[in-house]
Amino acid sequence: MTPRPFRLALTSLKRDWRSGELGLIAVAVVIAVTSLTSVGFFTDRIRKATERQATELLAADLVLESHSPIPDSLRRRARVDGLETTATLHFNSVVVHGDALQMAEAKAVEAGYPERGRLRTAPELFGRESATGDIPQPGTAWAAPRLLQSLGIHVGDRIGLGKIQLTVTRVLTYEPDRGGDLFNIAPRLLLNLADVPATGLILPGSRIRYSLLLAGSAAKIAAFRREFEQESHDNIRIEGIRDARPELKRALDRSEQFLGLAALVSIALAGLAVAMAAQRYARRHFDHCAIMRCLGAEQALITRIYVYQLCLLALASSLAGCGLGYLAQQGLAALAAGMAGGPLPPPSLTPLASGVIAGLVTVLGFALPQLWRLRHVSPLRVLRRELTPVPAGGAVTVALAVVALALLTPWQSGHTGLTAWVFAGILATLVLLALGARLLIRTINSLRFRTGGALRFGLANIARRAGLSTAQILGIGLGAMVMLLLTLVRTDLLDTWRGRLPPDAPNYFLINIQPSQVDALRDFLHQRAGVGTVLHPMVRGRLTDINGKAVDPDSYEGRARHLAARDFNLSWARTLQADNRIVAGKWWDGGDNGATRFSVEQGIADTLHLKLGDTLTFTVAGRKVSGRIANLRFVDWDSFNVNFFVIANPGTLEGFPTTYISSFHLSESQKPLLTDLIRRFPSVTVIDVDAILTQVRHIMDQVTRAIEFVFGFTALAGIVVLIAALQTTHDERSREAAVLSALGASRRQILGGLSAEFACLGLLTGILAAFAATAVEALLSHYVFRMDVTVDPLVWLIAPLVCTAVIVAAGLLGTRSVLRTPPLTVLRRI
Amino acid sequence: MQSEQLVKQVDGPGGRLTILNDINLALHAGESLAVLGVSGSGKSTLLGLLAGLDVASSGRVLLDGQDLGRLDEDGRARLRSRRVGFVFQTFQLLPGLTALENVMLPLELAGGADPAGEAEARLRDVGLADRMQHYPGQLSGGEQQRVAIARAFAGGPKILFADEPTGNLDQKTAGQIIELIFRLNRERGTTLILVTHDPEIARHCDRTVTLAGGEIVES
């Protein structure tokens, strides 16, 4: 009968579990899988929520759009297919109140609008807004704040639209499918679809956009879309959620990537702990394997028993990790409440599979090289105990670990570069730490002859076990480095990030300021609100030529096409704005001899393929202005300050029709000032970005908390690394203590020696960890966060002190049982 | 069991060292042989070679008709699993396993039908029916060696190797253990090779060879 390795593995697993030998590996795997699955579950929920949000951005699940009426047959079919439908109609028209005229974007809607998301309105200008399920009744309209401001009207006033008069009953503050650019579109007027025929504005040749909004289950929507796309509807455009808001998706992808990388760091640390624990486990199983070999176990059987055992352990620990990960993501979701604009949908079960695979890969990748040694245990060891198999090859161990980590980065698709950098970073840190550790060990070894007593004993121990000491310093040092990044450096980074949006970040923009109003407005804001504002001149111009070649919007794709087709807001400035940074070329110093120079924002330069030295020609008020690009600028768009894509040098654009723009911060109690401001400067338009600002701050806070939460697992993994690293030399240290005790050393002397050894180890680790943390932080702030961060010099004091204290405490705690047990018992046990 | 011109040499810092030289032995089924000698005479090395735990530098060992030198490591392991039992001076029990589990181990490795049942029977044979669930650390030296003997006879080996089986025991217990080994050996008709430095124990065997400096000086 053949041996049954699986059953043997199961029995062996039970026995080893009982004896506590596998506990550390299991704990490390549980932490790694918990970290990975909590991030997996969480990002899955965020992704679902984003999709739901995207439907709000369309106000539907699917939208059909056309410049001619959408056939009733399509609407009927959608209804038959079980979809909700509602029609809307868009057109631009002048709205009249007394002598005042204003171009508005009118949208006529019927009951049921919006299918997804909700409208928000306020009872008066700058009043408290609330969500509503209503639409304007026939004969009434809801107007955007800018329309009320520009016409100088209030809620309750009557306005003219075509041939009819409508009463403004509410201020429209939000519509889910608004989109577009705050500064460049006409203000919205929302009216009832039933009023449209009477306006007399729907004439042949009028530019009207008809939309049919559809909503229903994903399957029904997909079926309708499939059927629609198979037919020929040349003049009807279809837009679904996957076509909406790509920039939101990109932002979420990026946060997913960062959270994923944070999880990867905990997996790498957990892997390190697994490798160290497995090394000790293997050493303690040499005798076991020798006896099994002696009793007739073949090499293949030994391998299979341990591989099955590892897989079973990994499976059980991974399942436990998945369970904990599910619970942990609930916490994560609670921390990030509101980040996705409402309660998060429940997660799918996909992360469970990746969690189990990750657990298996971590264990096999990090523990297998150590356990592979067991197949090479000689049966002769039963007679000659000194026979030990050769240690696992360093290159093989590292290669397997790297392969394991590479397999564990499913999010790397499309971000291969970043993942490769992370790996390179981890490897470089390991190599540098190893070299540093070796150098320090050599240094302290030469110092040991100048010391005496316990210190000498401790130093001698570290030097004698140079290999194991290096491994310990590496393990603990890497863990400590991550912890340092978490505690000291993370605070620096996150504070700097949040500092970009200080509490007094501008929450209001003023546009359409006439040159004659500049001084008076500045004085008004200074005297009434106590704010000193900068007013930036603004001239509108269209980019018509690049290097003498006419710009054809159709030759560009996507965003570039949009930019090429619209007017730019141009400005001029003598000095560089504080939140801008030159990334190429030079800011002008007045030595241009009257030649026109442009400063272009880096992002738009990339989009339109513009280079330093290119000649741009703008058409401003019918005249052409040409000049070379003198420099490219980095603009921090998150700052909420006024910024421009293109700035000219002084003396170039003066004389063209100019308005001014400004931004400033008003506290909640100062808001009533705005009414006075509008009364005093009726042509100036106020744009309220307070709500957006609050939302952005909210998201920043939540992302910060989510990152801290995920890094909590990294900290736990770091602790496991510490325990595993100390355990690698525990047996040897116990035996030495027992021998010393048998030779008559007092408990105090043994403790002194051990303390000295742990203290030196801690000091070396602390110094290296501080060095590594400072270097990694500098790289992160420069290349990832693009911020100037000064690392707290306290790192250099705190890291060695804390590492020494923790390692001495943990080390002595681990060895204390040895000191209490009679030496013979210890020697017999080991 | 037969050995022909068996030589074992190792390379050390002072050059090549001959541990065993020209060992010729032949042992029939059911026979018992004592290998006597002082420490360092090569007794344990000889046992390792005869049991297929180690490979000779030259010469050959035939065990149950099979040339051990022609088998690879796994082949020798398979042979041990089916035909060989061991008793060691240091017992070599696995500390994490109970007495019963220790005895079950070779049966499980050989894929036996009822490892637990047979292991229980073997433990009863050695008088440890009430100690089955004890761990080695909870047993006396004599009891641990009994467990080792139960393990050695589990699976019905054809040949039993005993390396100083009483070396770690007091005189009284040693006597009981020797008595047990020889009783079971007789009952099962096992071939026995017993390594010892004690001529008293050697007298229990059918034949004795004495090793000195790696060579047989008396047989």
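In chain B, strand β1 (residues 2-12) pairs with strand β4 (residues 58-63) in the antiparallel sense, over four bridges. Strands here are DSSP runs of E of at least two residues, helices are runs of H or I of at least four residues, and both are numbered from the N terminus; two strands pair if DSSP finds at least two bridges between them. This is a predicted model, so to speak of a local feature takes pLDDT of at least 70 and side-chain atom pairs count only at pLDDT 80 or more, while totals for chains, interfaces and linings use all residues. Residues are numbered from 1 along each chain as its sequence is written, and chains are lettered from A and ligands numbered from 1 in the order in which they are written.

Back to the strands: Gln2(B) has Leu62(B) of β4(B) as its bridge partner. The pair belongs to an open, antiparallel sheet of four strands in chain B, ordered β2-β1-β4-β5. At its edges stand β2 (15-26) and β5 (66-67) of chain B, each with a single partner strand, so one side of each has no neighbour in the sheet.

Chain B also holds an open sheet of six strands, this one with mixed pairing, in the order β6-β7-β8-β3-β9-β10. Here the edges go to β6 (84-88) and β10 (215-218) of chain B; each has a single partner strand, so one side of each is left without a neighbour in the sheet. Neighbouring strands of this sheet are turned by 25° against each other on average, direction ignored, with axes as lines fitted to C-alpha atoms (for helices, over the stretch in contact) and angles running from 0 to 180 degrees between N-to-C directions. Within it, β7 (residues 159-163) and β8 (residues 191-196) of chain B run parallel over five bridges, and Asp163(B) finds its bridge partner in Val195(B) of β8(B).

Helix α3 (residues 99-109) of chain B is mostly covered, with 11 of its 11 residues buried. Buried means 20 or more other C-beta atoms within 10 Å of a residue's own, exposed 12 or fewer, and partly exposed in between, with C-beta atoms placed from the backbone. These residues pack against α1 (5-18) and α8 (286-294) of chain A, together with α2 (73-83), α4 (115-125) and α5 (141-153) of chain B. Just after α3(B), Gly111(B) takes a positive phi of about 70°.

As for the contact between the chains, 26 residues come from chain B and 22 residues from chain A, a contact being C-beta atoms, placed from the backbone, within 7 Å. On the side of chain B that touches chain A, the elements giving two or more residues are α1 (43-50), α2, β6 and α3 of chain B. The largest share, six residues, comes from α2(B).

Conventions:
Two residues are in contact if their C-beta atoms, placed from the backbone, lie within 7 Å.
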